[in-house]
Amino acid sequence: MSIKNLIKQSLPLLILLGIAEMFTGGILSNMATMFKNTPGLIVIVPAIIGLRGNINGALGSRLGSAAHLGLIDVKKVFNKETKENVKASVVTSVGTALLLGFLGWLTSAALGYNTNALILITVTLIAGTLAGLILAVATVGIVIVAFKRGLDPDNITGPFLATFGDVVTVFCLLGAVILVGGV
Amino acid sequence: MFYSMKKILKDSIPILTILMIVEIFGGQILNFHLEKFLLLPILLMFIPVVNGVCGNIGSVLGARVSSGLHVGYITPDFRGKELRENVIGALILSLLTFCFLGCLIYVISISFKLVLIMMGAGLLLTLGMICLCIPTAIVSFRKGIDPDNVVIPVLTTGADVLGILCLLLMIKLVGI
């Protein structure tokens with residue numbers, strides 16, 4: 001494929017992604033005081049964004065393969081196979097969130113920062129679980145919509161999660177910090 | 001049933017754990033330089049923009065190079081017209097995207113310095129992505145591992161850590 005085709009097909013999506021990431025970044029810059037008042041909170045930001053994209057990206061990819069394998073059909077997308085996939089994705093989200101909170105605290109404490117383990121683990125657990133649930137449901141929703149319109153889910157879930165996954169995750173992080181009471 | 005939760009967890013937990021450790025490393029770098037970001041919180045905005053956009057340019061390049069290696073029109077020897085065209089394509093994509101985003105940043109901040117920091121970090125990271133992508137794809141292909149399974153996780157995770165470093169370097173070069 002020529003350079004011209006590559007640019008024509010990828011540039012619009014990349015610009016859309018860039019704009020969505022500016023919203024994500026906008027939430028982060030508004031959280032500046034929270035980062036100041038909750039030592040160690042910034043540590044988990046790249047990881048929680050990266051994990052969410054990877055966990056749900058894998059879910060979307062598996063559901064796409066399941067569609068191609070004929071394991072889920074148009075009329076009944078939310079069947080046993082889909083449920084098992086979503087369950088695995090949510091369990092992974094909760095498990096990695098717990099581990100992330102713990103590792104974030106451990107490395108910060110080891111480096112001499114005054115980090116509150118309970119706050120950090122609670123924040124990552126709430127944010128990770130919430131974002132994981134929302135994005136898992138959204139991923140299934142996209143597979144259903146793609147199916148109904150006769151599109152290949154493999155072509156849709158990846159770019160969708162790349163564009164909206166980070167915004168949703170950071171928004172959940174903001175919500176979790178407010179809920180836990182760190183302002 | 002084709003899928004089982006146990007199998008999915010067994011397959012994904014090890015790679016996710018490695019990814020998490022690398023990302024925490026990036027997070028600790030941010031933590032160490034937190035004061036710079038608190039001084040000018042809009043700099044926090046650049047982190048997902050630079051990492052996200054470059055991670056995706058890297059993913060596109062990685063997927064294309066992987067396909068090229070599979071089909072055979074890219075040879076695993078770091079040479080050839082196809083490979084060069086893909087690299088140039090990635091650079092042009094990055095340049096155009098960051099020019100557009102740079103204009104948006106200028107509208108928001110009316111600061112040429114901030115535009116320079118973001119565009120510089122983005123272009124620098126794109127070069128980093130290229131330097132990470134081609135060897136990862138070619139080496140995994142030579143070893144008989146499907147580059148499709150390796151390149152994208154390596155690039156998106158690499159983008160997050162290298163992106164933070166590129167941003168810090170540009171902040172240092174341009175000054176705030």
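**Reading a helix pair and an interface**

A: Happy to! Let's start with a crossing in this predicted model: helix 4 of chain B crosses helix 5 of chain B in a right-handed way.

Q: What angle do helix 4 and helix 5 of chain B make, and how far apart are their axes?

A: Two packed helices are described by the angle between their axes and the distance between the axes. Here, helix 4 (residues 81-109) and helix 5 (residues 112-142) of chain B pack at about 160°, with axes 9 Å apart. Angles over 145 degrees count as roughly antiparallel, and therefore helix 4 and helix 5 of chain B are roughly antiparallel to each other.

Q: Which residues make the contact between these two helices?

A: An α-helix has 3.6 residues a turn, so residues three or four places apart point the same way. On helix 4 of chain B, the contact residues include B:Val87, B:Ala90, B:Leu91, B:Ser94 and B:Leu95. Helix 5 of chain B brings, among them, B:Leu114, B:Val115, B:Met118 and B:Met119. The contact divides into 14 nonpolar, 5 polar and no charged residues.

Q: How many residues of chain A and chain B are in contact?

A: The size of an interface is often given as the accessible area lost when the parts come together. Here we can count residues instead: 52 of chain A are in contact with 47 of chain B. Helix 1 of chain A gives the largest share of the chain A side, 16 residues. That side holds 30 nonpolar, 14 polar and 8 charged residues.

Q: What ipTM does the predictor give the complex?

A: The ipTM is 0.91, alongside a pTM of 0.92.

Key: Residues numbered from 1 in each chain as written. Chains lettered and ligands numbered in written order. Predicted model: local features only at pLDDT ≥ 70, side-chain atom pairs only at ≥ 80, totals over all residues. Contact = placed C-beta atoms within 7 Å. Helix = DSSP H or I, 4+ residues; strand = E, 2+ residues; numbered from the N terminus. Nonpolar A, V, L, I, M, F, W, Y, C, P; charged D, E, K, R; others polar. Axes fitted to C-alpha atoms, helices over the stretch in contact; angles between N-to-C directions. Parallel < 35°, antiparallel > 145°, perpendicular 65-115°, else oblique. Left-handed = near helix turned anticlockwise from the far one by under 90°.
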